[in-house]
Amino acid sequence: MIEKEPAVNVLGEPLSPCSTEPLTGFFRDGHCNTCAEDHGSHTVCAVMTAEFLAFSAYVGNDLSTPRPGLRFPGLKPGDRWCLCAMRFLQAHDEGCAPKVALEATHLRALEVVTLEVLQGHAV
């Protein structure tokens, strides 16, 4: 049985929802909850931008195209999504990171991205 890690955000508070429309999260529960099986660490609640979506497609992860069979609607600018922490850091390093909802970003994101970097992109 998969066991969720405690739902705590990067501010040390209870994890807030990221998005239910579109429904996001490793568990598709609207939160950036995580567990040992979440090897991508889908822990950063990011607000999509056209620039970031283009970057993500360029590096091989097209987040804009719907994939109904995978319960994935495709994302557009303004949508919130539980993004892989490493992809967020990569986008930050390339100068095209999206904004971040700190209250909805899981504490485990700090294993990859510093709080200072996340705060620099806070909504």
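The model is predicted, so local features need pLDDT of at least 70 and side-chain atom pairs count only at pLDDT 80 or more, while totals for chains, interfaces and linings use all residues. Residues are numbered from 1 along each chain as its sequence is written, and side-chain values use heavy atoms, with hydrogens and water left out.

Helices α1 (residues 50-58) and α2 (residues 85-93) pack at about 110 degrees, their axes 11 Å apart. Here helices (H or I, at least four residues) and strands (E, at least two) are DSSP runs, numbered from the N terminus; axes are lines fitted to C-alpha atoms, for helices over the stretch in contact, and angles run from 0 to 180 degrees between N-to-C directions. That puts α1 roughly perpendicular to α2 (65 to 115 degrees). Phe52, Phe55 and Ser56 of α1 meet Arg87, Gln90 and Ala91 of α2, contact being heavy atoms within 4.5 Å.

On to the cores: a nonpolar core is a set of buried Ala, Val, Leu, Ile, Met, Phe, Trp, Tyr and Cys residues joined through side-chain atoms within 4.5 Å, with buried meaning under 20% relative accessible area (1.4 Å probe, protein chains only). The largest one holds 24 residues, and Val44, Phe88 and Leu118 have the most contacts inside it. Helix α2 supplies the largest share, four residues. Leaving aside neighbours within four places in sequence, the contacts of Phe88 include Val44, Leu83, Val117 and Leu118.

Thr43 lies in strand β1 and is buried, at 0% relative accessible area.

Methods: Angles under 35 degrees count as roughly parallel, over 145 as roughly antiparallel, 65 to 115 as roughly perpendicular and the rest as oblique. Buried means under 20% relative accessible area, exposed over 50%, partly exposed in between (1.4 Å probe, protein chains only).
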